[in-house]
Amino acid sequence: MKKTFYITTTLPYINATPHMGFALEIVQADALARMYRLLGYEVIFNTGTDEHGQKIYQKALDENKSPQKYTDEFAEKFNLLKASLNLSYTNFTRTTDDYHIKAAQEFWKLCAKNGDIYKKDYKMKYCVGCELEKTDSELVDGRCPLHPNLEMEILHEENYFFKFSNYQKMLLEHYTKNPDFVMPEFRLKEITTFVKKGLEDFSISRLKKKMPWGVDVPDDPDHVMYVWFDALINYISTIGWPLDSEKFKKFWPGTQVAGKDNLRQQSAMWQAMLMSAGLPCSEQIFIHGFITAAGQKMSKSLGNVVDPLDEVKKYGTDALRYYLLREIPALDDGDYSEKRMVEIYDSELANELGNLISRITTLAEKDEIILDTLSLEFRELFTVETTKLMKAYQFNKVLERIWEKIKFLNKQTNDFEPWKKSKVNRSNFLQTSLKELHSLGYMLLPFIPESADKIIKATKGPIRKISPLFPKKDQ
C-alpha cells in the first residue's frame with residue numbers, strides 16, 4: 001500500500017487578483033508535492049479560493065454584481081495560476097462549493113453539540129482587511145498594522161461565539177508534545193507565547209440582514225458563519241469529511257502551508273476547532289515569511305504588489321519558480337527585485353545551466369552519442385540529507401547544493417575543453433557528462449519541472465542538441 005501525503009495552501013481571499021506572496025506559497029507547496037510523488041507517495045495537493053465575508057460582499061455591490069457572479073469570475077483568475085506556474089495541485093476548493101458548505105454546517109453542529117458555541121451581544125473593533133477582530137494592544141495609532149490605510153470598524157451586534165478559551169491548556173500541551181508542529185521553531189514559540197497570555201472567545205457569525213454573503217448557520221436563519229470559521233474547514237472538506245471517512249482517514253492529518261499573518265488562525269484557532277469537533281489536529285504547519293518590495297511588505301492595500309502572471313510573461317514559468325525557491329528564504333521574509341531577477345536569470349539559469357546543457361548536447365549530437373544504460377530513479381538521486389532539507393522546507397539550500405554540482409560540471413567542461421579534442425578522446429567525457437546532466441534533470445524536477453523534463457529527455461537515447469532553456473533577454 002502506497003504511503004500518502006496531503007498538503008494544502010491557505011485559500012486566498014479573492015478580493016483582488018493573485019499576488020506574489022501567494023505565488024510563493026503555492027510554488028513552495030508544489031515543490032513538496034512533486035518531491036513526495038517522485039518518492040512514490042500518493043499525494044493530494046489542495047488549494048482554492050476563500051469566497052465569503054464582508055469584503056467580498058462589498059466588492060460585489062460596488063461592481064453591481066451578485067456575490068456569486070463576482071466570486072465565479074475571481075475564482076477563475078486564481079485557477080489560471082495552475083498553468084502559469086506549472087502547478088500540480090489535485091484539488092481546487094471553493095468555499096461556495098456545495099460539499100464544502102455542507103461540511104461547514106456539519107462541523108458547526110459538532111462544536112455546538114460539544115458546548116463550544118454560544119450567542120451573545122457584542123461590541124468589537126474589526127479590521128475588514130484581515131476579516132478579524134482586533135484588540136487595542138494589536139493596533140498601532142488606532143489602526144491595524146497590516147492594513148494601516150483602513151479605518152477600524154466598530155461592530156455592535158448579536159453574534160455566535162466559539163469557546164476558544166476552553167482550549168488554552170490543550171493547545172499548549174499539543175505544542176509541547178509536538179515540537180515540530182509549527183515550522184520554523186521560532187513561529188512555534190510565537191504562537192505558544194500568544195496562547196499562554198490567555199485566549200478570548202471569538203465571534204463566528206454575522207447577522208444575515210447586515211451581511212448575507214456566507215454559509216447559513218444551522219437552525220438559525222438570522223445568521224451566517226463568520227468567514228474564518230467557514231473557510232478553515234476546507235482543509236478537511238476537500239478530502240472527504242464528513243461523508244467519505246475512508247478517504248479522510250487515509251489523508252488526514254496533513255501539512256498546511258501559510259504566511260506568517262496566518263499563524264494565529266492556522267496553528268491556534270483551527271486546531272482548537274478541530275479539538276472541539278473531536279478530530280485530529282493538523283500534522284504540521286509551515287509558516288513562510290512575506291515577500292517584500294524595496295523592503296516593504298507586498299500588500300494589495302499598499303498598492304505595491306507584483307503580479308506573478310506578468311513576471312511569467314517576461315521571464316517564463318521556471319525562472320519565476322526558481323527565483324521564489326532559491327532567492328526567497330523559506331522561513332523568513334525575502335525581497336522580490338526586478339534587477340535581481342535579471343541577474344539570476346542571466347547568470348545562473350541562462351549561463352550556468354542553459355549553456356552547460358547546450359554545449360554538452362551539441363557535441364553529443366555531433367558525435368552521435370547514444371546512452372542506453374540509464375536506469376536512474378529520483379528516489380536514488382535525492383539523498384537522505386537532501387530529502388531531510390526539503391522536509392524542513394529549506395528549498396534554497398537544496399538548490400544551492402544542486403547549483404554547486406552545476407558549477408563543478410561547468411568548470412570541468414571548461415578545463416577539459418572537449419570541443420578541442422578528437423571524437424575518440426572526448427567520448428568518455430561526454431558519456432559521463434550526459435549521465436551527470438540526466439541525474440541533474442531528475443533533481444531539478446520539483447523546482448523547475450518544465451526545464452528539468454527537457455533535460456531528462458535530451459540526455460537519453462540518441463542525443464539531440466537542446467534549444468536554449470533560458471534565452472538571454474536581449475535575444
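## Basis of the report

The model is predicted, with local features requiring pLDDT of at least 70 and side-chain atom pairs pLDDT 80 or more, while totals for chains, interfaces and linings use all residues. Residues are numbered from 1 along each chain as its sequence is written, and side-chain values use heavy atoms, without hydrogens and water.

## Cavities

Rolling a probe the size of a water molecule over the atoms shows where empty space is left. On a 1 Å grid over the protein atoms alone, a cavity is a set of points where a 1.4 Å probe fits but cannot get out, and lining residues have an atom within 4 Å of a point. Points are joined across faces, edges and corners, and a volume is the space filled by probe spheres set on them. The whole structure holds two cavities of 30 Å³ or more.

The largest cavity has a volume of about 60 Å³. Its lining consists of T10, L11, D50, W228, A231, L232, N234, Y235, N262 and Q266. Helices (H or I, at least four residues) and strands (E, at least two) are DSSP runs, numbered from the N terminus. By class, this lining has five nonpolar, four polar and one charged residues; Ala, Val, Leu, Ile, Met, Phe, Trp, Tyr, Cys and Pro count as nonpolar, Asp, Glu, Lys and Arg as charged, and the others, Gly among them, as polar.

F22, I26, T47, G48, F78, N79, L81, Y89 and F92 line it, and the lining divides into six nonpolar, three polar and no charged residues.

## The second largest pocket

A pocket is an open set of grid points with protein on both sides within 12 Å along at least five of seven lines. The second largest pocket contains about 450 Å³ of space. It is lined by 25 residues, of which F5, Y36, T255, E283 and Q284 are the closest to its centre. Two or more lining residues come from each of β1 (4-9), α1 (20-38), α10 (245-251) and α16 (384-391).

## Aromatic rings

The structure contains 26 aromatic pairs, counted when rings of Phe, Tyr and Trp (its six-membered ring) have centres within 6.5 Å; planes under 30 degrees apart are stacked, over 60 edge-to-face and the rest tilted. The pair of Y6 and W252 is tilted, because the ring centres are 6.2 Å apart and the planes stand at 55°. Y6 lies in strand β1 and W252 in the loop between α10 and β11 (255-259), so the pair ties together parts that are 246 residues apart in sequence.

Y6 is buried (under 20% relative accessible area; exposed is over 50%, partly exposed in between; 1.4 Å probe, protein chains only), at 2% relative accessibility. W252 is also buried, at 6%. Elsewhere, F107, W108, Y160, F229, Y235, W241 and W270 form one aromatic cluster.

## Two single residues

H100 is placed in helix α5 (residues 98-113) and is buried at 0% relative accessibility. Apart from neighbours within four places in sequence, H100 is in contact (heavy atoms within 4.5 Å) with R94, T95, D230, A231, I233, N234 and S237.

E73 belongs to helix α3 (residues 67-79) and is partly exposed, at 29%.
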